[in-house]
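These are my notebook entries on one protein chain, written down as I looked things up. I begin with single residues and then move on to helices and domains.

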Amino acid sequence: MSELNPWKVAQKQFDEAAEVMGLEPDLREVLREPKRELTVHFPVKMDDGTIKVFTGHRVQHNQARGPSKGGIRYAPDVTLDEVKALAMWMTWKTAVVNIPYGGAKGGVRCNPKEMSQAELERLTRRFATEISILIGPEKDIPAPDVNTNPQVMAWIMDTISMHKGYSVPGVVTGKPLEIGGSKGRNVATSLGGQYVVREAVKRVGLQLPGAKVVIQGFGNAGMYSAQFMVEDGATVIAVSDSKGGIYNPKGLNIDEVIKVKQETGSVINYKDADRVSNKELLEIPNDILVPAALENQITEENADRIQTKIILELANGPTTPEADKILWDKGVLILPDILANAGGVTVSYFEWVQDIYSFFWEEDEIRRQLERIMQQAYYSVMEKVDSLKVNPRIAAYILAIDRVARATKIRGIYP
Ligand code: NAD
């Protein structure tokens, strides 16, 4: 059971990488625990006049390289251990792409699908107030995550600004453009992944034009990824969402699939394809597999039947450690989540920089800077793969842990 606890998984991954890199025991002790964990229980007035008490968390795992960064999720099953794990993963993600941040995460246990907009606004403003002792442009900067969006970020920004008496746009990222959001944020995760995969194909002797691509999940990450793949000449042969998948070995018309998804709510209503289950979808032979939905999709159970050359992990945690090993031994190049989907936090970083400067970039500037950062991160990870003979996930962890450990050591232990 403890294996399924995300915090135990995160610590296990850390321990494994720390062991391979020979990290000194003192630094291991420091880095394997979060710096701060805040739990708040707070009342919210519901539309029917009753008062409900909600529980929320904000965890700051590490701030050695800069203010901590990480999203806030709203979900009925949010736990402190989950938020701790996500905070630790953010520390490694920001370090892999070498942006001057640490890692944090937040969450509120609630069911946003059963709440009105007014209730969500009151919950958000009160939660922002409860965690205001921790967040700020120079300390800790939240962003959207599961079930939170630019509107929720706008409420947090406004709440903190009301407390201060002046506008504080840099307190959150993922804001609407009208109040200091960044151009290019919506496509950032998929585009960052595309910059990585453009380099990765060279390593396995593949070319994007003509490559067969399968994508699980057709939301923000999966849908834009399908578009970028087609722009690069690849053929997207199967995609899915929570209702199921569609498959046509000759290729799907992605513009049409997007239209069908927008009009009917699911990709399964697209006509020119066979229906497949999400399980079957992962086992369709292809060149590039893009998990862009949920965690734990590629496991010990199905890893052997997966026939692909590259896995681009746009989702967080889609592959279990056991599956990693099976696929790496089979010669599959896994582009791990903390590298592959780091484009999102990278453009969040650009948003924060623009807010602080009060000077906003055009989209081509955002893309140019994102490409540079993603390419550097990819080649830094692959350099570790080749020099240490480890799989790309362990390599990415080692690269990240080394950067955070160096910063911690140089700063020294206070007092
Ligand atoms: P989203 O809510 O926009 O889309 C999720 C998609 O997955 C939807 O199409 C949904 O129908 C589908 N889905 C849900 N259950 C499924 C199932 N059982 N099988 C197949 N598909 C299913 O979310 P998103 O922002 O695209 O995020 C997807 C993943 O990418 C998550 O793991 C998220 O943490 C990760 N990610 C997203 C970003 C970002 O900027 N959006 C950044 C980093 C990581």
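**Entry 1: a residue in a loop**

I looked up Asn296 and found that it is partly exposed, because its relative accessible area is 45%. The cut-offs I used are that buried means under 20% relative accessible area, exposed means over 50%, and partly exposed is in between, with a 1.4 Å probe and protein chains only. Asn296 sits in the loop between strand 10 and strand 11 (310-312), and its phi is near 55 degrees, a positive value in a residue other than glycine. I also noted that helices (H or I, at least four residues) and strands (E, at least two) are DSSP runs, numbered from the N terminus.

Before going further I wrote down that this is a predicted model, in which local features need pLDDT of at least 70 and side-chain atom pairs count only at pLDDT 80 or more, while totals for chains, interfaces and linings use all residues. Residues are numbered from 1 along each chain as its sequence is written, and side-chain values use heavy atoms, with hydrogens and water left out.

Is Leu289 buried or exposed? Its relative accessible area is 0%, so Leu289 is buried. Contact here means heavy atoms within 4.5 Å, and, leaving aside neighbours within four places in sequence, Leu289 is in contact with Val214, Leu282, Ile298, Ile306, Thr308, Ile310, Ile311 and Leu312. I also looked up Leu289 against Glu82: they are 207 residues apart in sequence, and their C-alpha atoms are 26 Å apart in space.

Gly245 belongs to strand 8 (residues 244-247), and it counts as buried because its relative accessibility is 0%. Which residues does Gly245 contact, leaving aside its neighbours within four places in sequence? I found Val239, Ser240, Ile268, Asp274, Arg275 and Val276. Ile215 is 30 residues from Gly245 along the chain, and the two C-alpha atoms are separated by 9.3 Å.

**Entry 2: helix 1 and helix 14**

I then looked up how helix 1 (residues 6-21) and helix 14 (residues 392-411) are packed, and found an angle of about 80 degrees, with the axes 9 Å apart. The axes are lines fitted to C-alpha atoms, for helices over the stretch in contact, and angles run from 0 to 180 degrees between N-to-C directions. Angles under 35 degrees count as roughly parallel, over 145 as roughly antiparallel, 65 to 115 as roughly perpendicular and the rest as oblique. Helix 1 and helix 14 are therefore roughly perpendicular to each other.

On the helix 1 side I listed Gln13, Phe14, Glu16, Ala17, Val20 and Met21, which meet Ile394, Tyr397, Ile398, Ile401 and Asp402 in helix 14.

Gln11 is also found in helix 1, and at 7% relative accessibility it counts as buried. Not counting residues up to four places away in sequence, Gln11 touches Arg32, Glu33 and Met88.

In the segment after helix 14 I came to Pro415, where the peptide bond from Tyr414 to Pro415 is cis, with omega near 5 degrees.

How many of the 16 residues of helix 6 are buried? I found 13, and helix 6 is therefore mostly covered by the cut-off of under 20%. Thr189 is in helix 6, and it is buried, with a relative accessible area of 14%. Leaving aside neighbours within four places in sequence, Thr189 is in contact with Leu314, Ala340, Asn341, Gly343 and Gly344. Just after helix 6, Gly205 takes a positive phi of about 65 degrees.

Helix 12 (residues 343-357) reaches 21 Å from its first C-alpha to its last, close to the 21 Å expected for its 15 residues at 1.5 Å a residue. The expected span of a helix is 1.5 Å times one less than its number of residues. Helix 12 is mostly covered, with 13 of its 15 residues buried. Ser358 follows helix 12, and its phi is positive, near 50 degrees. Ser358 is in the loop between helix 12 and helix 13 (363-388), and it is exposed, with a relative accessible area of 59%.

**Entry 3: domains**

Last, I noted that the protein chain is divided into domain 1 (35-175) and domain 2 (188-335), with bounds that come from an automatic or database domain assignment. The C-alpha centres of domain 1 and domain 2 lie 30 Å apart.
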